[in-house]
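Q: I have a structure open and would like to go through it with you. Can we start with the aromatic rings?

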Amino acid sequence: AIIKDFYESYCIYTFLSFLIVVLGRGSRENAVEVLSMHAHHLEQPTRLLSWFYDPPPETSDVAKANAVITECQIFAMQFVFIRPLTTVIYVIYWTIKDPGGDDDADAYGSYPSSSSSSSSHTGSNSTGN
């Protein structure tokens, strides 16, 4: 699971980089220029990330396109770092919680007792006959 998550993260960021290169024919600045020609189709970037936008997206179409690409890169990098990190934490948690890797535990982590399993084989059915 860890290797898959690292590879998935790498693929997503590589694909975003590929899209920027194709759109800009090898240059991020050209990609911003091409995207700015269609800025009226772009949604306003998230204000939460406003300190990353220079100049502010409200100043021009080029600034808005630059902010949108920056936002996409930040979100992709967030996935690249957070997804593998949470997977590693998950694996460490389950290793500490269940070091033997026993799959016989029920949802609460307890094992069925022998008395409960023997009482289910008494021969009575659910109707009480």
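Q: How many aromatic pairs does a search of the whole structure find?
A: A search of the whole structure finds three aromatic pairs. Rings of Phe, Tyr and Trp (its six-membered ring) count as a pair if their centres lie within 6.5 Å; planes under 30 degrees apart are stacked, over 60 edge-to-face and the rest tilted.

Q: Which kind of pair do Tyr90 and Trp94 make, and why?
A: The pair is edge-to-face, because the ring centres of Tyr90 and Trp94 are 6.1 Å apart and the planes are at 65 degrees.

Q: Where are those two in the chain?
A: Tyr90 and Trp94 are four residues apart in helix α3 (residues 61-97), so about one helical turn separates them. Helices here are DSSP runs (H or I, at least four residues), strands are E runs of at least two, and both are numbered from the N terminus. In general, an α-helix has 3.6 residues a turn, so residues three or four places apart point the same way.

Q: Which residues form the aromatic cluster?
A: Tyr90, Tyr93 and Trp94 form one cluster.

Q: Is this an experimental model or a predicted one?
A: This is a predicted model: local features need pLDDT of at least 70, side-chain atom pairs count only at pLDDT 80 or more, and totals for chains, interfaces and linings use all residues. Residues are numbered from 1 along each chain as its sequence is written, and side-chain values use heavy atoms, with hydrogens and water left out.

Q: Tyr90, buried or exposed?
A: Tyr90 is exposed, with a relative accessible area of 53%. Trp94 is partly exposed, at 35%. Buried means under 20% relative accessible area, exposed over 50%, and partly exposed in between (1.4 Å probe, protein chains only).

Q: What about Ala76, buried or exposed?
A: Ala76 is buried, with a relative accessible area of 8%. Ala76 lies in helix α3 and, leaving aside neighbours within four places in sequence, is in contact with Tyr13 and Leu16. Contact means heavy atoms within 4.5 Å.

Q: Changing topic: which residues are buried in helix α2?
A: In α2 (residues 28-36), Ala31, Val32, Leu35 and Ser36 are buried. Seen down the axis, the buried residues of α2 fall within an arc of 135 degrees, so they line one face of the helix. That arc is taken from the directions from the helix axis to the C-beta atoms.

Q: What covers them?
A: The cover includes α1 (2-24) and α3. Take Leu35, buried at a relative accessible area of 18%: beyond four places in sequence, its contacts are Leu23, Leu42, Ala65, Val68 and Ile69. Leu35 and Lys64 are 9.0 Å apart, C-alpha to C-alpha, and 29 residues apart in sequence.

Q: How many helices and strands in the protein?
A: There are four helices and zero strands, and the pattern along the sequence is α-α-α-α.

Q: How much of the protein counts as buried?
A: Of the 129 residues, 22% count as buried. Among contacts between residues at least 6 apart in sequence, 57% join residues at least 24 apart.
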